[in-house]
Amino acid sequence: MITPAAGTATVPKGVRLGYGVGSFCTATFNGVPGLLLLFYMTNFLAVPAWLAGVVVSAPKVWDLFINPLVGRWSDRTVTRWGPRRPWLLAGACTLPITFFLVFAGPPLTGVPAALYVGVCFLAAATAYALFEVPYKAMPGEMTHDYHERTSLLQWRMVFVGAATAISGILAPVLATSEGEDGTLGSYRLMAITIAAILLLAMLGSFFGTARAPMTGAPEPDRGGWREQFAAIKGNSAFLWLTVLACVQMLAVSMMLAAAPYFATYTLGSASATQTLFAVLVGPILLTMPLWVRVARRFDKRGAMILAVLLFGGGTTAAMATPLFGPVWAHLTILLVGVGYAGLQLMQFSMLADVIAVDAATSGKRRAGVLTGLWTAIESGVSAFGALIFGIILTIGGFIESEPSTPVQQPDSAVTAVLIGQTTIPALIIFASALITLKYRLTPPAAPAPSSSG
């Protein structure tokens, strides 16, 4: 059970908005490459599907090193801006440039193109870590209140929904603005537009959190890596939450990678990617107050299990798309969207709880190390979603191509797309319901005062 701390802090509305707008960065950077990068390489740069999967996955493995390191640096940073905000600014100065370079479309194909994209994506992942790790550490340090953290993070999720719309609707629209499947030029247009949005969002978060309260442990943990990891190893709530997030993001990343293939080869139109994401985003934007109430009524663990059942139920139902058609596909993704909204809110609210409890019990500031390790493992595992889907396509006989030489995919490849979009993600997400039962942090015996959300 979480012990209430003395002197809870209510986060000002302006800070909530300033913090939330940073999610335009976190959600967009995860969403756009997850949705378009694999398709871009196989269908525009003639990169074999298995190699494209490796390129998407390999830079994320780098996160296992860089994310905990950035977290450790931010824990030990002492400036008049606080320990986290200087790193937000560093990310804002580097990520937009490296993101554009990923989709810059050099005159390369095959293995050379894969190497170019891989190097640029590695640089982008590094720049993203500079922003993302300190950003995710902040909510656990803004308030002691168990329910206030959920209320704070619902604002974040509203911006996640808007960013998901950018990732799933605006980015594909721009990428296909010059023809049904798009061109290298249209992908460059998409990249520079998204880079500008990233820059504005990251700077907005930096300036918007200038007055954020700091309620976490005042002293950084100056122990060595061995001592810090030993403490983390004994934190069962953190370990189970990390496992839970990894499993869930593996399923989500598979569906993201599969979405343009599902639209193109199952629904018969690449433009269906935008409408599928529209019905996915709608629930994220509209159901946040409902999920906050569900979490208060059934606790965060109960809300998480409900979210898993809704997500998994929609994914399972989507298997019948070849029988019932595009309308059925959109209805099932709508159900997935309701579940996904709950998954995301509960994940980040639970992480904030773990950070707050660790600071209260240890008296040390190590939110950056905790968040860095959590983000690194989650990112590394979720990156395997694209790799697994790429392998499924290869097994199914998918044929890579260039826009000038389109090919007819065999029936086995079309079946592989459907399996990668529905069957395997459904099995993975249902497994996370069992893992949720191992998460033990619960609210204080005396309910904390509620605040306006």
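What share of the contacts in the protein chain with a separation of 6 or more comes from residues 24 or more positions apart? In this predicted model, such residues account for 84% of those contacts. The protein chain has 16 helices and zero strands, and 60% of its 453 residues count as buried.

## The nonpolar core

The largest nonpolar core holds 133 residues, and the members that touch the most other members are Met41, Phe103 and Met190. Helix 10, which covers residues 236-266, gives the most to this core, with 19 residues. Because domain 1 (13-213) and domain 2 (224-443) both give residues to this core, the core lies between them. If we set aside the neighbours of Met41 within four places in sequence, we find Met41 in contact with Ala46, Val47, Ala52, Val55, Val56 and Val117. There is also a second, separate core of seven residues, and among them are Ile66, Ala129, Leu130 and Val133.

## How pairs of helices pack

| Pair | Angle | Axes apart |
|---|---|---|
| Helix 10 and helix 14 (residues 326-362) | about 150° | 11 Å |
| Helix 1 (residues 13-21) and helix 8 (residues 184-208) | about 150° | 7 Å |
| Helix 1 and helix 2 (residues 23-44) | about 20° | 5 Å |

An angle over 145 degrees counts as roughly antiparallel, and helix 10 and helix 14 are therefore roughly antiparallel to each other. Their crossing is left-handed. On the side of helix 10, the residues that take part include Ala237, Phe238, Leu241 and Gln248, and the residues they meet in helix 14 include Ala329, Ile333, Leu343 and Gln347.

Helix 1 and helix 8 are likewise roughly antiparallel to each other, and helix 1 passes helix 8 in a left-handed crossing. Here Gly14, Val15, Gly18, Tyr19 and Val21 in helix 1 meet Ala201, Gly204, Ser205 and Gly208 in helix 8.

With helix 2, the angle of about 20° makes helix 1 roughly parallel to its partner, since angles under 35 degrees count as roughly parallel. The contact between these two helices is made by Tyr19, Gly20 and Val21 of helix 1 together with Ser23, Phe24 and Cys25 of helix 2.

## Two residues followed in detail

Gln248 is found in helix 10, and with a relative accessible area of 1% this residue is buried, because buried means under 20% relative accessible area. Leaving out residues up to four places away in sequence, Gln248 touches Met304, Val308, Leu343, Gln347, Ile429 and Ser432. Two of these, Leu343 and Gln347, are also listed among the residues of helix 14 that meet helix 10. Val308 is 60 residues away from Gln248 in sequence, while in space the two are 8.7 Å apart, C-alpha to C-alpha.

Is Thr98, a residue with 13% relative accessibility, buried or exposed? Thr98, which is found in helix 4 (residues 85-102), counts as buried at that value. When residues up to four places away in sequence are not counted, Thr98 touches Cys120, Ala123, Ala124 and Ala127.

Terms used:
Residues numbered from 1 in each chain as written. Predicted model: local features only at pLDDT ≥ 70, side-chain atom pairs only at ≥ 80, totals over all residues. Heavy atoms only, no water. Core = buried A, V, L, I, M, F, W, Y, C linked by side-chain atoms within 4.5 Å. Buried < 20%, exposed > 50% of the residue type's maximum accessible area, 1.4 Å probe, protein only. Helix = DSSP H or I, 4+ residues; strand = E, 2+ residues; numbered from the N terminus. Domains from an automatic or database assignment. Contact = heavy atoms within 4.5 Å. Axes fitted to C-alpha atoms, helices over the stretch in contact; angles between N-to-C directions. Parallel < 35°, antiparallel > 145°, perpendicular 65-115°, else oblique. Left-handed = near helix turned anticlockwise from the far one by under 90°.
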